[in-house]
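Biologist: Hello, and thanks for sitting down with me. Could we walk through this structure together?

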Amino acid sequence: MTATLDRAVTGPAHGLVGTWQLTRLALRRDRIVLPIWIVLLGIMPSTSSGTFETLYPTAAERAGLTASMGANPSLSLIYGPAFDLSTAGGFTAWRLGGFLALIIGLMAVFTVTRHTRAEEDTGRAELLASAVVGRYALLTSGVLVSAGASVLIGLVETGLMVGAKLPADGAFALGAATAVTGLVFTAIAAVAVQVAEYSRTANGIGATAVGVAFLLRAVGDSTSDATWVSWLSPIGWAQQVRAFAGERWWVFLLPLAATALVGAAGYALLPRRDVGTGIVPPRPGPAEAATSLRSPFALAWRLHRGPLIGWVIGTAVCAAVFGSVASGIGDVVGQSEQAKEIFQRLGGTDGLIDAFMAAMTGLFAMVIALYGVQAALRIRAEETAIRVEPLLATGVGRLRLLGSHLVFAFGGTALMMVVSGVLLGLSNGMRSGTVGDSVGDMVVASLAQLPAIWVITGLAVTLFGLAPKFSTAAWAIAGLALLLSLFGAVLNLPRVLLDASPFSHVPKLPAAEFTATPLVWLTGVAVVALVAGLMGWRRRDVG
């Protein structure tokens, strides 16, 4: 009788005790973040498909799209293989399929890490383990939330595309390809959180896996002699499904098998480590800290240097790639006057290449604003982990501590915009033979975007200082600004909605004429938001 009870307590079923309760808790904690991911990724294909007939209204303009764009290695590197661009569905799958897979991969990594390894960092996982919670419950809850969000995103994509009168088979293929990519990276994240000892390291491993997958796909699709390389990538698998271009359903076996195998590895590694530790132990530090580490700024540098370096490298690579394809933008729009008008709305009024470069500068600014939010809210993570109170118990002042982090939030975004401007201008100038002028113009255009970025960053500081419990809403603000800026002009949204994004007020350099007035106003808004956040932080309770 006793032996039977022992087997029941230590069996697989017992290891999942508390999974439902932890899943509900995770969903409650993500009640703001997950809807943003689902809405942003779910509506992108249907909204973009509606612009195809506007961009290419005649059959003659559509006929040569597949050949012209498929023959351009630079475009294949960015978007992937062009299977059939003669239909709205095929064009949408080509433009967005790879990026949807990339973004949902990052979503899966961050979600699993937040509900597993981050819980161990704060000590909450150990507290839960002391209660009636199974060994596998925490990991399973994180996997269920990430996998459920991935599937829901795929269903939303499919439903909205069918509602937009796209073929049902192609809509289901594209939605399912996005969903299974999220499942693959959910499994990869489940392994990463077992290997790493800290959530930052686990996020780094998972994000690196996403980046490597995108790089393998890009190399394979842009190199005619190495197309097999793209088959090593989960992102490549999503595109090889060929949504709206003669769907290949058997390709789904690859991501599903990878999910099962890698996920099983994550569960096999879990019982081989203690709570709060990783399979790979961290390198022990010196017995005594260096003199250079005895300041709040030095601590902030240690906390921010990894993400900052990664963002700068990623910005540099992407800027070099996008700048190199600027001179071939005519191949993308062809002779379509509507397509030219769309690009000019996004980036200016004079010159298609200048309009494209202005649009790319704005795109980089919107993405870099996400880093500004991440860096500004890093001190909130330190606060909830009860690492801020011990520092404030010493001679460190509140404003000095927060200011050390904000140096990276504001200064880091400025550094990235300079890097993007230099690389955009350099790569475009090397192809056009005007390096000096191109670099100078693009650096100025990039710096003009800083006030808009700082408005988003400043609002994150405001929420941290005045309403810390709602500080994650800063991600919603940044996401809304990005959504309005990307799709607002293309969809002819009312001006009052477009003006809600600070990026809509920035002069579209180098195509448009420089005007300082909106930049002054944006800078003023950013300063007011920053001051409000500092005053709130100075007066409120810690924690």
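This is a predicted model: local features need pLDDT of at least 70, side-chain atom pairs count only at pLDDT 80 or more; totals for chains, interfaces and linings use all residues.

Biologist: How many cavities of 30 Å³ or more does the structure hold?

Modeller: Rolling a probe the size of a water molecule over the atoms shows where empty space is left. On a 1 Å grid over the protein atoms alone, a cavity is a set of points where a 1.4 Å probe fits but cannot get out, and lining residues have an atom within 4 Å of a point. Grid points are joined across faces, edges and corners, and a volume is the space filled by probe spheres set on the points. With the 30 Å³ limit, the number of cavities is 4.

Biologist: Which element gives the most to the lining of the largest cavity?

Modeller: This cavity holds about 180 Å³ of space, and of its 20 lining residues, the closest to the centre are Phe83, Ala93, Trp94, Gln239 and Ala243. Two or more lining residues come from each of α9 (88–115), α13 (168–195) and α15 (234–240); helices (H or I, at least four residues) and strands (E, at least two) are DSSP runs, numbered from the N terminus. With 5 residues, the element that gives the most is α9.

Biologist: Which element gives the most to the lining of the second largest cavity?

Modeller: The volume here is about 60 Å³, and the lining consists of Leu22, Leu25, Ala26, Arg29, His115, Glu119, Leu128, Leu138 and Ser141. The one that gives the most, with 4 residues, is α3.

Biologist: How far apart are the closest N and O atoms of Glu119 and Arg29?

Modeller: Side chains of opposite charge can pair when their charged atoms come close. A salt bridge is a side-chain nitrogen of Lys or Arg within 4 Å of a carboxyl oxygen of Asp or Glu, and the whole structure has 10 of them. Glu119 and Arg29 form one of these, with their closest N and O atoms at 2.9 Å.

Biologist: How many residues apart are Glu119 and Arg29?

Modeller: Glu119 is buried at 5% relative accessibility, whereas Arg29 is partly exposed at 36%. Arg29, Glu119 and Arg124 are also linked in a network of salt bridges. The pair joins distant parts of the chain, with Glu119 in helix α10 (residues 117–122), Arg29 in helix α3, and a separation of 90 residues.

Biologist: In which helix do Arg117 and Glu120 both lie?

Modeller: Arg117 and Glu120 form a salt bridge with closest N and O atoms 3.3 Å apart. Arg117 is buried at 0% relative accessibility, and Glu120 is buried at 14%. They sit 3 residues apart, about one turn of the helix, in α10.

Biologist: Which element gives the most to the lining of the second largest pocket?

Modeller: A pocket is an open set of grid points with protein on both sides within 12 Å along at least five of seven lines. This one has a volume of about 880 Å³, and of its 24 lining residues, Tyr198, Arg200, Thr201, Arg302 and Arg305 lie nearest its centre. Both α14 and α17 supply at least two lining residues. The most, 6 residues, come from α17.

How values were computed:
Residues are numbered from 1 along each chain as its sequence is written. Side-chain values use heavy atoms; hydrogens and water are left out. Buried means under 20% relative accessible area, exposed over 50%, partly exposed in between (1.4 Å probe, protein chains only).
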